[in-house]
Amino acid sequence: METILNFIDAHKEMIYFVILSIFVGVEVIGGVPTVLHTPLMSGANAIHGVVIVGAIHVMLNVNPDNILALILGSLAVLLGTLNVVGGFVVTDRMLEMFKKKK
Amino acid sequence: MTHHLLEICYLIGSVTFIIGMKMMGNAKTARRGNLIGAAGMIIAIIGTIFLHENRVENIDGVPTEVPVSATVYGLIFGAIGLGTVIGWMTAKKVQMTKMPELVSMFNGMGGACAALIGLMEYEQNRNQTGALIAIIAGMVIGSVSFSGSIIAYLKLNGTMNKPIRLPAYNIINTIVMIGVIGFAGWMVYASPAGHVMLYALFAVALVYGILFTVPIGGADMPVVISLLNSFTGLAAAFGGFLYDNYVMLTGGILVGSAGTLLTLEMCKAMNRPLSNVIFGAFGGGGAAAGTGPDVKGSIKDVGVSDLAVMMNYSKKVVIVPGYGLAVAQAQHVIHELEMLLEERGVEVKYAIHPVAGRMPGHMNVLLAESNVAYEKLVEMDDINPEFDQTDVVLVVGANDVVNPAAKSDPASPIYGMPILEVDRAKHIVVNKRSMSAGYAGIDNLLFYDQKCSMFFGDAKKALTELVAELKTMD
């Protein structure tokens, strides 16, 4: 019990941040017409590509002599890039079509 | 100094993600919203590469900066360059009909990225419980999302057509899920040295992702992709916990919560609870299919010339496009048909079911691609009352969304799903390749309706013939 309370106290900013972010996420999606669900899902897909920041982080901390780590790290960066670039480009293509008619 | 700059980059990134997502909720601003998000992402990535300071505590416990070797930079730039080229080309080249599976594939890549981070960070964080929880959770969720997305990809592109069900798959899946959670918990608690157990957990999580997705039918894949999308978001958020990185946290949680809500909204459009999608697993003809009263009658066939005459002398025609239209690439022909009929004073509209196609809004994207006016696409609730005044409804490659069993047959697996009430129109013409059942794997009573005739053939070929036939009539 004590540890849990200590943990909450030590991380209270983080906890506030998480809870508020959840509300922001819900608010942002609320009331979106069904027509836009697919592009929105695709756009959200691109945004979680932010995980690439973590992959770069790992790479920058890797010991250059550790070949396995270098391989895994590069692979992570590659996969993250695919997620980000592919995600944003495909979303743009979808939305381009909506724009043309307006 | 550089550290503060990096935090500012992350702040900008976080704000652009929120603004971008918000703008994407409106058709007018959506494209700009996406670009704003992308710009924020670039700032966050470049900031991380150039402004990240690598501090390690030396023997005296004083943090000192460790320079990053050129090899590492080379690999980072190489990987980003390669990823950009491949990602860009794939996204640009893909046909619009194949878009849902591509989204699924990209989602899987993100999941795999999160899983690899977990694999690499485990060893040096073994002694810190907080970090370890974030690592293990991120790795497990990322792995499930990865293998699940790949299965979803295979299902959508038709490689894996039939849902595969082990006997008592619900029980097996639940046991495996509990096993994975238990294993993960034990990893945090015991934090065994070496990588054997870590890789074992990684493998088990991958297997669970497969088991989770395999029994679910193709028609429910959009829901699954959306759910896995929010999983990857969650995995990214755990990465944010690990590194105390706020842009990863915002991006991850935003997608996690927005994705969950989106998933629930899609379920609502199909009028099925999420649990039913995941555990109910119909689709492709399982135990649930084939029930209901056997009140079949005979099926009427209609030839292309009769259909052309019928449509030519109609006042109002409503087209119901489905995934079959997308598969046959018939969206351009249908637009041609629409224009031809409009020229002759026939009012033409498209009835868009919320889950038409493979994703909500998928049909709109496809039809917009072939220049169909946005105003002609009418959503379900608005078009249903209009069917009473409609002379001909042309159903192209849609099935379950017009199945009256959803309203009349409580035993039907799609009972309760809101449908397009096409049976209120004077005539219904259904274009299908064959009599096979729809994605939900159930028979459609509509086809046996007195007012309904079948117009068999590949959508593109059949519609081209219809257009040609119409052109000869004046």
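Let us begin at the surface: chain A exposes about 4300 Å², and carbon and sulfur atoms supply 68% of that area. Keep in mind as you look around that this is a predicted model.

What is chain A built from? Chain A has 5 helices and 0 strands, so its elements, read from the N terminus on, run α-α-α-α-α. The overall form is worth a moment. Chain A has a radius of gyration of 19 Å, whereas a compact globule of 102 residues would have one near 13 Å. Along the principal axes, the C-alpha atoms of chain A fill a box of roughly 55 × 40 × 15 Å. Even so, 60% of the 102 residues of chain A count as buried. Among contacts in chain A with a separation of 6 or more, 68% are accounted for by residues 24 or more positions apart.

The largest share, 4 residues, comes from α1(A). A:Met1 is placed in the segment before α1 of chain A. Is A:Met1 buried or exposed? Its relative accessibility is 70%, so A:Met1 counts as exposed. A:Lys12 counts as partly exposed, at 44% relative accessibility.

Take B:Val320 as an example: leaving aside its neighbours within four places in sequence, B:Val320 is in contact with residues including B:Ala351, B:Val393, B:Val395, B:Leu420 and B:Val422.

Our last stop is a loop of chain B, the one between α16 (405-408) and β8 (427-432), where B:Asp423 has its place. B:Asp423 is partly exposed, with a relative accessible area of 30%. Beyond its neighbours within four places in sequence, B:Asp423 is in contact with B:Pro404, B:Ile428, B:Leu446, B:Asp449 and B:Lys451. For a sense of distance, the C-alpha atoms of B:Asp423 and B:Ile43, 380 residues apart along the chain, are separated by 54 Å.

The side chains of B:Arg424 and B:Asp388 meet in a salt bridge of 3.0 Å, N to O. B:Arg424 lies in the loop between α16 and β8 of chain B, and B:Asp388 in the loop between α15 (380-383) and β7 (392-396), so this pair ties together parts that are 36 residues apart in sequence. B:Lys426 forms a salt bridge with B:Asp391, with the closest N and O atoms 3.1 Å apart. These two residues lie in the α16–β8 loop and the α15–β7 loop of chain B respectively, so the pair ties together parts that are 35 residues apart in sequence. B:Lys426 counts as partly exposed, at 47% relative accessibility, whereas B:Asp391, at 16%, counts as buried. Finally, salt bridges that share partners join B:Lys316, B:Glu347, B:Lys349 and B:Glu386 into one network.

Terms used:
Residues numbered from 1 in each chain as written. Chains lettered and ligands numbered in written order. Predicted model: local features only at pLDDT ≥ 70, side-chain atom pairs only at ≥ 80, totals over all residues. Heavy atoms only, no water. Buried < 20%, exposed > 50% of the residue type's maximum accessible area, 1.4 Å probe, protein only. Rg over C-alpha atoms; globule rule 2.2 N^0.38 Å. Contact = heavy atoms within 4.5 Å. Areas by Shrake-Rupley, 256 points an atom, 1.4 Å probe, with all protein chains shown as cover. Salt bridge = Lys/Arg side-chain N within 4 Å of Asp/Glu carboxyl O.
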